[in-house]
Amino acid sequence: RVRGKKRKRAKNNSEALVRPNDPLVRLNYCEDGSEDSVVKELVLRCCVHGTLIEVNEERILAKPELLRTDPLLDGYLAVIMPRGTFPPTPAGTKI
């Protein structure tokens, strides 16, 4: 099951702003793949400042294996329009 920021083309840009270390997606999975095993949660976090444009929820829910088999095309988690510099400059650092 995939949970997270379900904002697809958010109308209010302030709702779709993300920062480094914000939780982007929470994945619940069973270690051995069976329905009866203990469910674990994996939190995937954002690594940039930006605006969340889209979450690839439908494809990932339909075929979770895309996260491993095709992460760059159909298995992407989200589209984020970066803001500022990358990597982020620590506060107080002169460029």
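Select Val 55 first: this residue stands opposite Ala 78 in β6. The model is predicted, so local features need pLDDT of at least 70 and side-chain atom pairs count only at pLDDT 80 or more, while totals for chains, interfaces and linings use all residues. Residues are numbered from 1 along each chain as its sequence is written, and side-chain values use heavy atoms, with hydrogens and water left out.

Now show the strands (DSSP runs of E, at least two residues, numbered from the N terminus). β5 and β6 pair in the antiparallel sense over 5 bridges. Pairing here takes at least two DSSP bridges between two strands. Widen the view: 3 strands form an open antiparallel sheet in the order β2-β5-β6. Its edge strands, β2 (17-18) and β6 (78-82), each pair on one side only.

Next, select the largest nonpolar core. It has 9 residues: Ala 16, Val 18, Leu 24, Val 25, Leu 27, Cys 46, Val 48, Leu 52 and Val 55. Such a core is a set of buried Ala, Val, Leu, Ile, Met, Phe, Trp, Tyr and Cys residues joined through side-chain atoms within 4.5 Å. β3 (23-30) and β5 (50-55) each supply at least two residues of this core. The largest share, 3 residues, comes from β3.

Last stop: Cys 46 and Cys 47. Which is buried and which is exposed? Cys 46 is buried, at 6% relative accessible area; Cys 47 is exposed, at 52%. Buried means under 20%, exposed over 50%, and partly exposed in between (1.4 Å probe, protein chains only). A disulfide needs two cysteine sulfur atoms within 2.5 Å, and the whole structure has 0 disulfides.

Notes: Helices (H or I, at least four residues) and strands (E, at least two) are DSSP runs, numbered from the N terminus.
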